[in-house]
Amino acid sequence: MKQLNTGSVSKLIYSAALLYLLLPFLLFTLFWLRLPYSLLLGAILSYCLVVSFQRFTRSSLRIELQAIQKKQLWISAAILAVWLVFSGIGGFSYQNSDFEVRNAIFRDLIQQQWPVVYNADIYPSTHHMANEHLLLVYYFGYWLPAALIGKLLGWTVGNIFLYLWSFLGLLLTFALLCQYVKKVSYKIALLLVFWSGLDIVGSLIALYAGNSVPELGVIAHIERWANSINVPAQFSSNTTLLYWVFNQTIPIWLTILLLINNTGKKAMFFVIALSLFQAPLGTIGLVPFVLFQLIRRLYEVGFKSLLNEYLSIPNTVGALVVVGITGLYFTMNQAGSLRSIVTYDPLNYATFFLLEAGMLGLWLYTRQRSNLLLLSICVLLVVPFVKIGLNSDFSMRASIPALFILMALTIRFLFDNTYSLASKLPIAVFLLIGSVTPALEMARSLFFTSSHVVYSLNSYFNLSDNPLVPASVKGKIKDRTFLYDQIKTLNKYNKGILIDQFVGRVGNQPFCRYLLNTNSDAFEQPTRLPALPVVRAEKDPLK
């Protein structure tokens, strides 16, 4: 079988992953900051990118993939493409309810001037901020490349590019995961797709105990099961993350893999800083692993050698610039200041933790005494007790790094031939049962997508009156919610949308006073627009 040059492929993968993380922030600096700062920072970021490429060439390429088999790559790419098609990204299939706001933000980024500024009527007239300039303050970086294409070529092409951008991210994630496992196999792609905790077991336990399970059915979203035992926390499966919060998921996956692959210490902090812009909560969850790596190297080589390993322009100037601007920008958010510590019933929390990650992690640790694995278990144990913002998003997003590292270590264990089949069998059973969660996520998308297609075909072929169509199918031919795209924009009052999560007041904050580009018509005196009716699709009884 023909083999590819693994060194050149590795260099391409690392460089592409870094550019993938950098491009959104580069666009942000060019269009959101005043011209002198955008030009200066654009030059600094470009220099850091070139230096980081050189570091990859000199050091990281010592770790190479085995012979890359084209057949395995093509099968894996097909698996990832189908997985992504049913995520709703690009508008090719059913979209989960979170897309309602995500589509609105994406459309605002396409149709409005950059920086995106909202009119006075996004709040009720009696609200204390009803007459303020309000800036879109959210981690929208992931959409910027596709939004730029959408500005040039329209909404539809922008969505297609968003799908392609996401597919590229998944390909890079798969390639870096193969790099970590030292194996190229479509089985790794399948494990990436079907990785999950035992949500179905938790749902059944809660149901047996007489608790009201939020959702349980063939197209249900069962990851909220812990709410029924008074543990409002969630460790999301990979499919759930991709299908609900892709904009925060793919960037942090790439950052994690660049970190655990040791792809150039001279650019490590620069990479982490870039992930902060696109996935701030996930990046916070990555901090313990960064500290672990630093402390371990300090113990191994001493402070002077450690400083020599990490000291570089990207890790100092580059990282400080990205963190500084990102921090000043995000601190404008209206909801970000809400923080608290949550407590749970010990038995209920133990049930949640063991089913979601604890059993798998502890079993793996008995077979593989890894400090990285132990740290992942500890982080997952602590994260659900912290709450930032209005909901429990912190536990769901800050847990992504630890869960992904646990998955990577598990996959590497499964592909390690030095361990017996008997030691791998319990893990295989855990993963098989856990795969119910991603299967349900995909089943829901397939059901509503196919229902939409059949309903559309019925308009042309009158399937309802066709004797060849079974009666059981005819009864289900009706219009259902397909794309969550009802509110269209955040630039008007939308009852039920917690708008504080997405905006910040334009005032005397340092970002506004010194950095924000205000040469836009949107910064003229805000005026209240006539109220627009919000037409929402009727909720389907099967949802």
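# Briefing on a predicted helical chain

Glutamine 179 sits in helix α6, which covers residues 155-181, and in this predicted model the residue counts as buried because its relative accessibility is 2%. The protein chain as a whole holds 22 helices and five strands, and of its 543 residues 55% count as buried.

**The chain overall**

- The accessible surface of the protein chain amounts to about 23600 Å², and carbon and sulfur atoms account for 64% of that surface.
- When contacts between residues at least 6 apart in sequence are considered, 80% of them join residues at least 24 apart.

**Helix α10 against helix α12**

- Two packed helices are described by the angle between their axes and by the distance between those axes.
- For helix α10 (residues 246-260) and helix α12 (residues 280-301), the packing angle is about 5° and the axes lie 11 Å apart.
- Because an angle under 35 degrees counts as roughly parallel, α10 is described as roughly parallel to α12.
- On the α10 side the residues that take part are Ile252, Thr255, Ile256 and Leu259, and they meet Gly282, Thr283, Leu286, Phe289, Val290 and Gln293 on the α12 side.
- Sorted by class, this contact of α10 with α12 comprises six nonpolar and four polar residues, with no charged residues.

**Helix α15 against helix α19**

- Helix α15 (residues 346-367) and helix α19 (residues 421-434) have axes that come within 10 Å and that cross at roughly 170°.
- Since an angle over 145 degrees counts as roughly antiparallel, α15 is described as roughly antiparallel to α19.
- From α15 the contact draws on Leu355, Glu356, Met359, Leu360, Trp363, Leu364 and Arg367, while α19 supplies Ser423, Pro426, Ile427 and Phe430.
- The residues in this contact of α15 with α19 fall into eight nonpolar, one polar and two charged.

**Two residues of helix α20**

- Serine 445 has its place in helix α20, which runs over residues 436-461, and it counts as buried because its relative accessible area is 2%, under the 20% limit for that label.
- The side chain of serine 445 reaches the backbone oxygen of phenylalanine 86 at a distance of 2.7 Å.
- With its neighbours within four places in sequence set aside, serine 445 is in contact with Phe86, Ser93, Tyr94 and Tyr243.
- Phenylalanine 447 also lies in helix α20, but its relative accessible area of 22% makes it partly exposed, since the label buried requires a value under 20%.
- Between phenylalanine 447 and valine 218 the C-alpha to C-alpha distance is 9.8 Å, although the two residues are 229 residues apart in sequence.

- The C-alpha atoms of valine 321 and leucine 41 are separated by 7.8 Å, while the two residues stand 280 residues apart along the chain.

Notes: Residues are numbered from 1 along each chain as its sequence is written. This is a predicted model: local features need pLDDT of at least 70, side-chain atom pairs count only at pLDDT 80 or more; totals for chains, interfaces and linings use all residues. Side-chain values use heavy atoms; hydrogens and water are left out. Helices (H or I, at least four residues) and strands (E, at least two) are DSSP runs, numbered from the N terminus. Buried means under 20% relative accessible area, exposed over 50%, partly exposed in between (1.4 Å probe, protein chains only). Axes are lines fitted to C-alpha atoms, for helices over the stretch in contact, and angles run from 0 to 180 degrees between N-to-C directions. Angles under 35 degrees count as roughly parallel, over 145 as roughly antiparallel, 65 to 115 as roughly perpendicular and the rest as oblique. Contact means heavy atoms within 4.5 Å. Ala, Val, Leu, Ile, Met, Phe, Trp, Tyr, Cys and Pro count as nonpolar, Asp, Glu, Lys and Arg as charged, and the others, Gly among them, as polar. A polar contact is a pair of N or O atoms within 3.5 Å; within protein, one must be able to donate a hydrogen and the other to accept it, and residues adjacent in sequence count only if both atoms are side-chain atoms. Accessible areas come from the Shrake-Rupley method with a 1.4 Å probe; for residues, only the protein chains shown count as cover.
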